[in-house]
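I opened my notebook to get to know a new structure. Here is what I looked up, entry by entry.

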2 protein chains.
Amino acid sequence: MALSKNKIKYIRSLDLKKNRREEKVFLAEGPKLIAELQGHYRCRLLAATEEWLKMHPNIKADETLEVSSEELSRASLLKTPQQVLGIFEQPNFSLSKDVLNHSLCLGLDDIQDPGNLGTIIRLADWFGIEYIFCSPNTVDVYSPKTIQASMGGIARVKVCYVPLENLIILETDIPVYGTFLNGENIYEQSLSQNGLIIMGNEGKGISQKIESLINRKLYIPNYPSQRETSESLNVAIATAVVCAEFRRQAAFSQNRKGTGEKL
Amino acid sequence: MALSKNKIKYIRSLDLKKNRREEKVFLAEGPKLIAELQGHYRCRLLAATEEWLKMHPNIKADETLEVSSEELSRASLLKTPQQVLGIFEQPNFSLSKDVLNHSLCLGLDDIQDPGNLGTIIRLADWFGIEYIFCSPNTVDVYSPKTIQASMGGIARVKVCYVPLENLIILETDIPVYGTFLNGENIYEQSLSQNGLIIMGNEGKGISQKIESLINRKLYIPNYPSQRETSESLNVAIATAVVCAEFRRQAAFSQNRKGTGEKL
């Protein structure tokens, strides 16, 4: 029942992308995240304390191990290990580009920080964005830091890797948004409820190749608008402000339809 | 001119709060951040490569050292060291509570993650929020991770530590906002342009003691609004969405005044 040295080594090896890819699995830790993933992803191995297992008698996993807190600490990649960890199979799905016609999606152009990607998945979940397309050079969605930061969002939001330019060129009549310092004030635009919102790399922003395919350039105004700020916003922060505004407009127009109220 | 073993040890020791507090200094790294801090904080020690120093002949510091990339790597706390690092004096200012009467401020109730605090400082800078009050248990603003994540925001935004309850009790007639799952839809409220927006701890949210002092409870609606999401938003993300909406309303009402345009 205990966690062998080999198992500990195996679990810790999943910090590296090449090992995750070879095994087609990912690691998730903590009661909240494990609960969220149950039923969405097949669990190959679950290692948990006696206390946690008693409280979750119906947990499903190919293999379940009762472990001591000390064993868990040795396997865990977290600073503060939490009662349970699981190894889950990476899902095998393909996304139809058709989703861009009827829903609002995110396109991530080389996001590099695993925490940023996880935070974006979490906020996408909150704002009902079901699909995220990542450029091939975007950080791996199955990085443990990304999975932990997604806070279970990964159970609902579908993430796939595809050259963004292929996606956009094939779907020429969909709105493709991106944020730029020379874009239009987002609060003065009528925003669609389908299409793609592109967010760029942390240091370089949106690549030139992708910029040329964007047909609606947006700008998040700073405040006061005349003030000089030398800095941009963090990419996850910008994504949140943009998604919030798309959804504010959507809810507002739905309410108007519902009540017949005027603008 | 080179970086002695003792200096390297000293620089690296500033990763710990007790050392920073004893010395009343903080560490900042990278050309962008160092440029932002110049003129705002006194620089005690600057260590930079020959190349960087040649490009910045007017840099001001009590002591300037030309160092090799290899020496810089040994002193740096970053994964990817960047040409220059500096040790700056912690500022010594006190904030008058009066600022709550005429400007919009943030109050952070035990934020624990240094990256979150830095990201909040960065977005506060963007949205023109000049003052952040932190509860005494909030993570240290001079943590290197916070300084780096603030991206220079720390040069403009003033951060001070104070028991938030004292601040609120003394200023009873100011609006005090906080986000709660049972709050009012933020998009349906008329938001003030002064007062305090409280943001809570990553795991526990706003403490009960502070909750009782909040007179305007807000809620960031998820989308679609009927959908169940088990998760909340990351605190920096929620802060951004809230600040963006305060400033959207402010800009909108200023535009109306300016043009005489109707709502």
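**Chain A, overall.** I began with the elements and found eleven helices and ten strands in chain A; these are DSSP runs numbered from the N terminus, helices being H or I with at least four residues and strands E with at least two. I noted that this is a predicted model, where local features need pLDDT of at least 70 and side-chain atom pairs count only at pLDDT 80 or more, while totals for chains, interfaces and linings use all residues. Residues are numbered from 1 along each chain as its sequence is written, chains are lettered from A and ligands numbered from 1 in the order written, and side-chain values use heavy atoms, with hydrogens and water left out.

I then boxed the C-alpha atoms of chain A along the principal axes and got roughly 60 × 45 × 40 Å. Of the 263 residues in chain A, 53% are buried (buried is under 20% relative accessible area, exposed over 50%, partly exposed in between, with a 1.4 Å probe and protein chains only). Chain A has an accessible surface of about 12,600 Å², and 48% of this belongs to carbon and sulfur atoms (Shrake-Rupley method, 1.4 Å probe; for residues, only the protein chains shown count as cover).

**Where the chains meet.** I turned to the contact between the chains, which takes 42 residues from chain A and 42 residues from chain B (contact means heavy atoms within 4.5 Å). The size of an interface is often given as the accessible area lost when the parts come together. Here chain A and chain B bury about 3,500 Å² between them, 58% of it on carbon and sulfur atoms (the area lost, with a 1.4 Å probe, is summed over both parts). I looked for salt bridges between chain A and chain B and the count is zero (a side-chain nitrogen of Lys or Arg within 4 Å of a carboxyl oxygen of Asp or Glu).

Which elements give two or more residues to the side of chain A that touches chain B? They are α3 (31-37), α7 (114-126) and α11 (235-259) of chain A. The largest share, twelve residues, comes from α11(A).

I picked Thr119(A), which sits in helix α7 of chain A. Thr119(A) is buried, at 14% relative accessible area. Beyond its neighbours within four places in sequence, Thr119(A) is in contact with Ala149(A) and Ala236(A), and with Asn234(B) and Ile237(B).

Next came Val141(A), in the loop between β6 (131-134) and α8 (144-150) of chain A. Is Val141(A) buried or exposed? Val141(A) is buried, with a relative accessible area of 1%. Leaving aside neighbours within four places in sequence, its contacts include Leu117(A), Ile121(A) and Tyr161(A).

**Salt bridges.** I counted 24 salt bridges over all chains.

In chain B, Arg156(B) pairs with Asp125(B), their closest N and O atoms 2.8 Å apart. Arg156(B) is in the loop between α8 (144-150) and β7 (158-161) of chain B, and Asp125(B) is in helix α7, 31 residues apart. Arg156(B) is partly exposed at 25% relative accessibility, whereas Asp125(B) is buried at 3%.

My last entry is Lys209(B), which forms a salt bridge with Glu165(B) at 3.5 Å between the closest N and O atoms. Lys209(B) lies in helix α10 and Glu165(B) in helix α9 of chain B, so the pair ties together parts 44 residues apart in sequence.

Note on methods:
Buried area is the accessible area (1.4 Å probe) that two parts lose on being put together, summed over both.
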